[in-house]
Amino acid sequence: MPQPRIDSDYIFGIHEPGGEHLMLEAGKPGWILFNEVLGHSPNDRSSKDYTPFSEQGLAVMARLNNGHHPQGSVPLSSDYANFARRCANFVSSSRGCGVWIIGNEINYAVERPGATSTSATAKSVTQASHQESFAQADPQQRGLPERFNAQRPVSAGTSRESEGSADEDGEIITPEMYARCYRLCRDAIHRVPGHEKDQVLIAAVAPWNTHTTYPGNPTGDWIKYFQDILLLLGPTECDGITIHTYTHGADPSLIRDDSKLQRFPQHHYHFLAYRDFMQAIPHNMRRLPVYITET
């Protein structure tokens, strides 16, 4: 069977299928990112067929999650080996994809395994006027104000350090823990016959989020978190990088807006946040591919 295409001649794409006809009708097949929930049972061999998309010339990538809130984008650290086996099983039985992302926004408290009653989540959902409808409209809790908590000014009398931490249940995913999980998944996928040269990408870090603090990063700086993961992996244990970056508004001029954050004046507020991530990539890893997978 021919290998799936792992690149496109075009820079643009869509998050989840549904609008690919626009690219195909224009004769410019770009990318489609699929968001998959796998769990971590090492005996689960369920899979997906992406060939209806890849055979039309579309480049396909799949984000492999253990689950969504409260299961965690990656599982508890005690199940990392099982998750790696599950990812390899999924890849082995799937067709039409050669680019895989391991987890998602692992510094965001909502993405932690077991984060069932986070203070950040509870506070934000309580403030929603219709809690039940909010949960139905946003089951992954991607729209909570706490996701981009660093954009808020520091409250009077509150230290930057205390604002940065999210002291909730669930297992905090430190850079060391994520690097360990990623290595296991990458190695397992590369051992699948026919997938030795697949690109296994690191999870995108949630920009403007300070939930995950640890020794050496007391403010939860998301760029530091991102860089620490890369430093742990190095150029020989990483196939590529994913980045999330956005504007805060629909005005196209915001794409070039150079505004910085009040609390982190070294970091960009709008789409140019991608440059903060790019500048943090160690020099010996700058040959790796980088994908903006949400914007």
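## The largest pocket

Strand β7 gives the largest share of the lining of the largest pocket, five residues. This is a predicted model: local features need pLDDT of at least 70, side-chain atom pairs count only at pLDDT 80 or more, and totals for chains, interfaces and linings use all residues. Residues are numbered from 1 along each chain as its sequence is written, and side-chain values use heavy atoms, with hydrogens and water left out.

The largest pocket has a volume of about 570 Å³. Its lining has 21 residues, and the closest to its centre are I11, F12, Y291, I292 and T293. At least two lining residues come from each of β1, β2 (31–37), α9 (273–280) and β7 (290–294). By class, the lining of the largest pocket splits into 15 nonpolar, four polar and two charged residues. Ala, Val, Leu, Ile, Met, Phe, Trp, Tyr, Cys and Pro count as nonpolar, Asp, Glu, Lys and Arg as charged, and the others, Gly among them, as polar.

A pocket is an open set of points on a 1 Å grid over the protein atoms alone, with protein on both sides within 12 Å along at least five of seven lines. A cavity is a set of points where a 1.4 Å probe fits but cannot get out. Lining residues have an atom within 4 Å of a point. Grid points are joined across faces, edges and corners, and a volume is the space filled by probe spheres set on the points.

## The cavity

The structure holds one cavity of 30 Å³ or more. The largest cavity has a volume of about 30 Å³. H68, H69, V110, E111 and Q140 line this cavity. Their classes are one nonpolar, three polar and one charged.

## The fold in numbers

The protein has nine helices and seven strands. These are DSSP runs, numbered from the N terminus: helices are H or I with at least four residues, strands are E with at least two. Of the 295 residues, 53% count as buried. Buried means under 20% relative accessible area, exposed over 50%, and partly exposed in between (1.4 Å probe, protein chains only).

Take contacts between residues at least 6 apart in sequence: 74% of them join residues at least 24 apart. Contact means heavy atoms within 4.5 Å.

## Two helices that cross

Two packed helices are described by the angle between their axes and the distance between the axes. Here the axes of α3 (residues 80–93) and α7 (residues 175–190) come within 8 Å and cross at roughly 35°. Axes are lines fitted to C-alpha atoms, for helices over the stretch in contact, and angles run from 0 to 180 degrees between N-to-C directions.

From α3, the residues Y80, A81, F83, A84, C87, A88 and V91 take part; from α7 they meet M177, R180, C181, L184, C185, A188 and I189. The residues of this contact divide into 13 nonpolar, no polar and one charged.

Most residues other than glycine have a negative phi, and most peptide bonds are trans. The bond from H69 to P70 is cis, with omega near 10°. P70 sits in the loop between β3 (59–65) and α3.

E16 is not a glycine, yet has a positive phi of about 80°. E16 lies in the loop between β1 (13–15) and α1 (20–25). At 30% relative accessibility, E16 counts as partly exposed. E105 also has a positive phi, near 45°. The place of E105 is the loop between β4 (99–102) and α4 (119–127). Is E105 buried or exposed? At 0% relative accessibility, E105 counts as buried.
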